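Take a look at the chain below. How is it divided, and how do its parts meet?

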Amino acid sequence: MSGMQVTIVGLGYIGLPTAAVAARSGFQVYGVDVNKALVDKISSATVQFEEDGLEDLINQQVTEGRLTAGLLPRPSDVFVICVPTPFKSESAGQEIPEPDMTYVRQATEALLPVLQAGNLVIIESTSPVGTTRMVSEIVATAGIDGVLFAYCPERILPGNTVYELEQNDRIIGGLTPDAAAKAKAFYGNFVRGGLLETSAEIAEMCKLAENSFRDVNIAFANELSLLAAEHGLPVAEVIELANRHPRVNILQPGVGVGGHCIAVDPWFLVAASPDTAKLIQTARQVNDNKPDWVVNFISVQHKAISAELGRSAKVACLGLSYKPDIDDFRESPALKVTRRLIAQNIPVVAVEPNSDHIDGIDLLSLEEALSTADLFVALVGHKQFREPSSLAELRKHSFIDFANID
Ligand code: SAJ
């Protein structure tokens, strides 16, 4: 199988690493993206990817001729669709946002001129149940028969991409048993984890269940953090001790849930069944409301410290990305908190070791912040803040730890 031509459609944080890993396993891989600047970077082996080893892996596959890129699909044996599935922009403010399947539809339509009988089309994009069948119907309506379809969701944790791509078990959901068998053979070339065959619909629902499970667990932790605050208790110790029970495993509370997966995907289940998916919907709301609670908590402390100082206290926000030790700011609750504090005319500086510039926010090093700010709020648990020397300095100041670093 390794001599086969593979086309990956969508060269984002899933598609591009998948293309590189598939190329390294021996496939001839062609990546397609609508972003010409990105295609040019890949073609000239000058991709930048802020994750250890990944940039080198991608550029090496290009240099050695196994990975190429372009704007339009070419004939292939296997096509893998890795395009985004965001919310419909017009539904963003609604109570229940709806998935926007435009990119999946457009990617499928772009394949129509080159698809042939015997080809395998795999969807990796997180999608509502029924999407693989919808894609197969677009192809059938175009009069192309004999194409196989599978849904094989990605499960990688940004920050640990290549390891998780290769080592995680992978669900292989075939629209037909033939499709599942062919998809299993494809992933078997570079996935060392188990390859778990099932139907496309079960695979679609599994992916949504996984991210919803994490969201519900984090919502539970976030609700506990509110309850513990009302009792004047440290939530970190409550959770740490509760987790010593052999059948309890509560995740960590934070300033909210961000990123492009956990904060989005559970809505796909809710949008399809709004009257049934009550727990999942409530968890989303609990996590979405956490930044407001954090802002309120900081404002109250800020007022008290300002009264003592006789001037408006300066707040240092530690961490702005959506989670620790990455440079990804999409849907970041820490960024939301920081911007809301600024909007309240509170003097704010921020420390974000993973970025040089963020619009409208005064970025300082931790050392600089320590010499100028009056109140420190840990919003994201970056490794730089967890260092004993940093913690020792922070403890000398007014310090609120929302990121469980201490
Ligand atoms: N978070 C907490 N408390 C925790 C863990 C996380 O508040 O105990 C927050 C993070 O700070 C972040 C958000 O949740 O704001 C999401 O971070 P994450 O590390 O939980 O997940 P993602 O979005 O980076 O990646 C998830 C993963 N899904 C699961 O672990 C079930 C990953 O495996 C998926 O591949 C990815 O979504 C995806 O692409 O769907």
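Predicted model: local features only at pLDDT ≥ 70, side-chain atom pairs only at ≥ 80, totals over all residues.

Start with the whole chain. It is divided into domain 1, residues 5-193, and domain 2, residues 210-401. Their C-alpha centres lie 33 Å apart.

Now go to the place where the domains meet. On the domain 1 side, 18 residues are in contact with 18 residues of domain 2. About 1,400 Å² of area is buried between domain 1 and domain 2. Carbon and sulfur atoms give 66% of that area.

Charged groups meet here too. The rule finds one salt bridge across the interface of domain 1 and domain 2. Find the side chains of Glu 210 and Arg 155: they form a salt bridge, with 2.5 Å from N to O. Two residue pairs are in polar contact between domain 1 and domain 2. The side of domain 1 that touches domain 2 has 10 nonpolar, four polar and four charged residues.

Is Glu 55 buried, exposed or partly exposed? Its relative accessible area is 29%. Buried means under 20%, and exposed means over 50%. The value for Glu 55 falls in between, so this residue is partly exposed.

Who are its partners? Leaving out residues up to four places away in sequence, Glu 55 touches Val 47, Gln 48 and Phe 49. Met 134 is another matter. Glu 55 and Met 134 are 79 residues apart along the chain, and their C-alpha atoms are separated by 35 Å.

How values were computed. Residues numbered from 1 in each chain as written. Heavy atoms only, no water. Domains from an automatic or database assignment. Contact = heavy atoms within 4.5 Å. Buried area = accessible area lost by both parts, 1.4 Å probe. Salt bridge = Lys/Arg side-chain N within 4 Å of Asp/Glu carboxyl O. Polar contact = N/O pair within 3.5 Å; in protein donor to acceptor, adjacent residues only side chain to side chain. Nonpolar A, V, L, I, M, F, W, Y, C, P; charged D, E, K, R; others polar. Buried < 20%, exposed > 50% of the residue type's maximum accessible area, 1.4 Å probe, protein only.
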